[in-house]
Amino acid sequence: MPSGDTIYALSSGRPPVAIAVIRISGPRAGDTLMALAGRLPEPRRAALARLRDPKSGEAIDDALALFFPGPKSETGEDTVELQVHGGRAVIAAVFHVLSQIAGLRPAEAGEFTRRAFENGKLDLTGVEGLADLIYADTEAQRRQALRQLQGLLGDRAGSWRRRLVETQALAEAGIDFSDEADVASDVLQRSLAMTKELAGEIGAALREAKRGERLREGLVVAIAGPPNAGKSTLLNRIARREAAIVSPFAGTTRDVIEVHLDLDGYPVTLLDTAGIRETDDPVEREGVARARARAAAADLVLWVVDASEPRAAVASAGAAEQWQVRNKIDLAKADGAAANAKEFRVSATTGEGMDMLLAALTEFARESMGALEPALVTRERQRRLLEEAAASLNRAIGEADREDVFAEELRMAARALGRLTGRVDVEDILDVIFRDFCIGK
């Protein structure tokens, strides 16, 4: 992505739409607007402009034009925004004109945001928050992503790194003045105290890391159990649509079917798996193997059994949490009350008992992902770098009597925090982060 080019892209939805937003960013953005509209509007104020083809003079559209001079723009560069009528022909005509102007080229995916990062408008945690905000499906995901975009983790990491630099300075002073026993002892004790404090704060953030990652990725709930227990009917009832094929014949479900739900603002991925049984059918056997694997990796397993069958112990699916769902109570003559809080009696066909099961699922999602305080860590990359910083700090504490090793471990911890925000040594991961952005963002 050559940073000296001026780039352009459609930044609004796929046409036709009422209004389409075309963004231009780079050193020739102002000149481009002059060529199209004949003038530059007052910075950061929308102005009506008739866009024309600079070569033929033919009118293209009446648009709103905005000019944001750098560095006070989203990308840190001169930026132009054109709000044109959102028909395909209008957009194509504007793009044709832009493609004819020397020094301009279409933007790559995520290039506007990457320029904002490179020009210091966002750190990497803010970039990740923006990506999460774009792809947020639920209210809880939106709130978490917005906090990251606004600097929840980035600001905290920056503060930690500044304090680490101060701690390093004290440690270095202790080494430099090692011949003055009183000075050396005092500064090293202060440095050690600050290191312990930082290690405690980062450790507390790491203890909440899984919650933030789970909210971003969504809770996984697997519906498992023997064949013909009504698993697919249960999935359809929870999803409120015919997402899975229902058949009276055992072994209908062969592969894992996924349905994404919004339970009171929390994202949940519901899995319908193949009936678990011994079989000679190689296709069904593969389905059973996949069912076992997905159930073992799920956050919660709903083990569905036929209520008309004799009560049996809950089979272990290997998940962290497992509930038993006794289905088809509309067909059972007498099944009795639920044995415990993790057992539910329902009829996926009639809906009886479903309110209680859904309420329990919603509460489970809330307890797993929700809290009064937002999670600082929302991605594996962030967690791994904080783990690296914490490990260096703990090693430093253990080597406090060896001043040179102590100082080196502090430097490694500061480097890990610098990589977290993207200020040092991150070229190898930038392409991975930005490749998932849409063009025009």
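Me: Which strands does helix 1 lie across?
Reply: Helix 1 (residues 29-37) lies across strand 1 (6-10), strand 2 (17-25), strand 3, strand 4, strand 5 (79-86) and strand 6. Contact means heavy atoms within 4.5 Å, and helices (H or I, at least four residues) and strands (E, at least two) are DSSP runs numbered from the N terminus. This is a predicted model, with local features needing pLDDT of at least 70, side-chain atom pairs counting only at pLDDT 80 or more, and totals for chains, interfaces and linings using all residues. Residues are numbered from 1 along each chain as its sequence is written, and side-chain values use heavy atoms, leaving out hydrogens and water.

Me: And at what angle does helix 1 run to strand 3?
Reply: About 75 degrees. Axes are lines fitted to C-alpha atoms, for helices over the stretch in contact, and angles run from 0 to 180 degrees between N-to-C directions.

Me: What order do the six strands take in the open sheet?
Reply: 3-4-5-2-1-6, with mixed pairing; strands pair if DSSP finds at least two bridges between them. Strand 3 (47-52) and strand 6 (104-106) are at the edges with a single partner strand each, so one side of each lacks a neighbour in the sheet.

Me: How do strands 3 and 4 pair?
Reply: Antiparallel, over six bridges, with strand 4 spanning residues 59-68. A49 has A63 in strand 4 as its bridge partner.

Me: Switching topic: is strand 11 mostly covered or uncovered?
Reply: Mostly covered: six of six residues in strand 11 (322-327) are buried, meaning under 20% relative accessible area (1.4 Å probe, protein chains only; exposed is over 50%, partly exposed in between).
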